[in-house]
Protein chains: 2
Amino acid sequence: MKDKPLILVTNDDGITAPGLRALIEVMNELGDVFVVAPDSPQSGMGHAITANSTIYCNDITIDDGPQLEYASSGTPVDCVKLAVNEILNRKPDICISGINHGSNSSINVIYSGTMSAAVEAGIEGIPAIGFSLLDYDWEANFDAAKKYVKQITKKVIKHGLPEGVVLNVNIPKLKEKDIKGIRVCRQAKAYWQEDFDKRTSPQGKQYYWLSGKFVNRDKGEDTDEWALANGYVSLVPVMFDLTAHHAIQKLNSLGFNEK
Amino acid sequence: MKDKPLILVTNDDGITAPGLRALIEVMNELGDVFVVAPDSPQSGMGHAITANSTIYCNDITIDDGPQLEYASSGTPVDCVKLAVNEILNRKPDICISGINHGSNSSINVIYSGTMSAAVEAGIEGIPAIGFSLLDYDWEANFDAAKKYVKQITKKVIKHGLPEGVVLNVNIPKLKEKDIKGIRVCRQAKAYWQEDFDKRTSPQGKQYYWLSGKFVNRDKGEDTDEWALANGYVSLVPVMFDLTAHHAIQKLNSLGFNEK
């Protein structure tokens with residue numbers, strides 16, 4: 001590690017999002033900050049990449065902080081790829097994504113652009129953390145979140161992360177004094193029960209809005225949902241080897257080669 | 001299981017893609033087929049959902065087969081959500097996605113709209129398989145692939161899948177007689193080495209095309225890359241609990257709650 005770590009910062013809410021600006025403030029205290037973030041909101045983009053169209057990426061100045069910033073038309077994953085492979089002269093020491101406006105706990109990790117950016121950095125061999133605050137409000141208060149963002153990031157800069165693992169950190173919407181601490185958790189087994197809102201356009205064409213409710217039937221006290229509901233910051237180690245190793249033997253026993 | 005299973009079919013190359021049409025042909029032999037697929041190509045969409053705009057979804061007739069079909073402006077994941085929660089009267093018995101034009105082996109599983117559709121079905125409790133042929137050509141020959149698609153799908157209809165697991169099946173670009181059979185594998189540890197193509201528009205604005213090369217340093221003979229390179233169909237069990245359970249103890253030992 002150099003004296004001052006090179007910190008790549010990104011998000012999925014866009015480069016002007018208050019959550020990103022709060023994150024940059026904290027990171028400026030910890031190292032040399034380089035921001036490559038979407039020029040517009042990219043929530044729910046999952047691990048999308050821009051394969052079939054062009055990507056713009058230009059330097060931009062948003063405030064008078066010491067960080068260097070680029071805004072891109074690409075997805076959060078594109079932003080990480082551009083930063084690491086095109087714009088930066090050396091590999092970042094760590095990549096921090098967020099602070100997301102809204103939860104990325106449990107199954108939301110899969111839909112989340114914030115977490116996909118962190119996962120992409122992980123794939124490229126960079127220690128990475130995604131931070132999310134359980135408050136969708138654009139005017140959310142990030143004060144308590146900033147304390148935990150700093151504490152966790154410092155720890156990871158110092159110790160690194162196990163190979164093939166990135167962190168998904170969610171912070172409850174509570175005052176600093178009411179947060180009980182950090183818990184290392186597993187992802188709760190939950191899903192979204194969709195309830196599409198079907199409408200008709202002024203031209204008589206039917207269309208849908210995606211909406212739904214989050215269903216968690218996992219009562220485990222070792223889950224992120226439990227931690228958050230009980231006043232803790234949840235920290236889930238996330239991997240990108242998706243192989244269900246435990247299922248290999250079972251599948252072999254099915255005899256797929258038999259007709 | 002009813003006498004005739006209800007089979008939900010989708011993909012990411014779009015409803016007119018030859019790979020999807022080949023898949024429908026096979027599925028019509030196995031059950032009642034219901035197609036909800038994107039109205040335009042959605043490759044590389046990962047697990048993206050349409051959270052901030054409207055989604056169109058209309059019935060369409062493309063050929064004179066017995067299947068019912070809907071084309072949607074949404075992502076592959078949107079298509080599965082629409083089918084399961086809005087359009088179908090009952091839960092499908094199985095969801096099949098593909099046949100993708102091009103590989104979704106190794107780390108490609110994470111970027112793949114084809115596999116994300118299958119994963120979404122898995123999250124909703126439906127046995128699901130994504131099929132991909134290692135041939136990007138729109139005029140690819142799907143004859144050998146169809147044999148394996150049928151064989152594997154029949155097995156899964158009969159036996160189901162372990163909970164929380166979907167299948168990622170890749171088929172080598174070989175004649176049927178040259179394919180050696182099916183191997184249950186793990187995802188090879190590999191990544192894309194990006195090499196952005198930087199250009200200038202006629203208006204003088206800089207832009208990028210994403211391009212790169214696939215780098216596999218994983219020499220394991222139990223990987224999907226090994227199987228495909230050696231003439232086998234690869235079958236990887238994929239999970240959507242992304243928790244790196246093995247890392248929890250290690251992370252606990254770092255003492256995140258200490259300043």
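## Symmetry of the two chains

Chain A is superposed on chain B by a rotation of 180° with 0.0 Å of shift along the axis, at an RMSD of 0.0 Å. This is therefore the relation of a two-fold axis. Both copies use the same surface for the contact, since 100% of the contact residues of chain A recur in chain B. The model is a predicted one, and the values reported here are computed from it.

## The interface

The contact draws on 82 residues from chain A and 83 residues from chain B. Between them, the two chains bury about 7500 Å², and 65% of this area lies on carbon and sulfur atoms. On the side of chain A, the residues that lose the most area to chain B are Tyr208(A), Leu242(A) and Phe256(A). Together these three residues account for 10% of what that side buries.

Polar and charged interactions also cross the interface. Between chain A and chain B, 30 residue pairs are in polar contact, with both residues of each pair at pLDDT 80 or more. Sorted by class, the residues of chain A that touch chain B comprise 44 nonpolar, 22 polar and 16 charged ones. The interface holds 4 salt bridges. A salt bridge joins the side chains of Lys189(A) and Asp241(B), with an N to O distance of 3.8 Å; this value can be read against the criterion of within 4 Å.

## Fold and dimensions of chain A

Chain A contains 7 helices and 13 strands. Its C-alpha trace spans about 60 × 55 × 45 Å along the principal axes. For 259 residues, a compact globule would have a radius of gyration near 18 Å, and the 19 Å of chain A agrees with that expectation.

## Salt bridges and a link within chain A

Over all chains, the structure holds 30 salt bridges. Side chains of opposite charge can pair when their charged atoms come close. Within chain A, Lys147(A) and Glu176(A) form a salt bridge whose closest N and O atoms are 3.6 Å apart. Lys147(A) belongs to helix α5 (residues 143–159), whereas Glu176(A) is placed in the loop between β7 (165–171) and β8 (181–184), so the pair ties together parts of chain A that are 29 residues apart in sequence.

## Backbone features

Which residues of chain A are joined by a cis peptide bond? The bond lies between Gly98(A) and Ile99(A), where omega is about -20°. Ile99(A) is part of strand β5 (residues 94–101) of chain A. In chain B, a cis peptide bond joins Gly98(B) and Ile99(B), again with omega of about -20°, and Ile99(B) is located in strand β5 (residues 94–101) of chain B.

A further backbone feature concerns Ser106(A), which has a positive phi of about 50° although this residue is not a glycine. Ser106(A) is found in the loop between β5 and α3 (108–111) of chain A.

Conventions:
Residues numbered from 1 in each chain as written. Chains lettered and ligands numbered in written order. Predicted model: local features only at pLDDT ≥ 70, side-chain atom pairs only at ≥ 80, totals over all residues. Heavy atoms only, no water. Least-squares fit on C-alpha atoms with pLDDT ≥ 70 in both. Contact = heavy atoms within 4.5 Å. Buried area = accessible area lost by both parts, 1.4 Å probe. Polar contact = N/O pair within 3.5 Å; in protein donor to acceptor, adjacent residues only side chain to side chain. Nonpolar A, V, L, I, M, F, W, Y, C, P; charged D, E, K, R; others polar. Helix = DSSP H or I, 4+ residues; strand = E, 2+ residues; numbered from the N terminus. Rg over C-alpha atoms; globule rule 2.2 N^0.38 Å.
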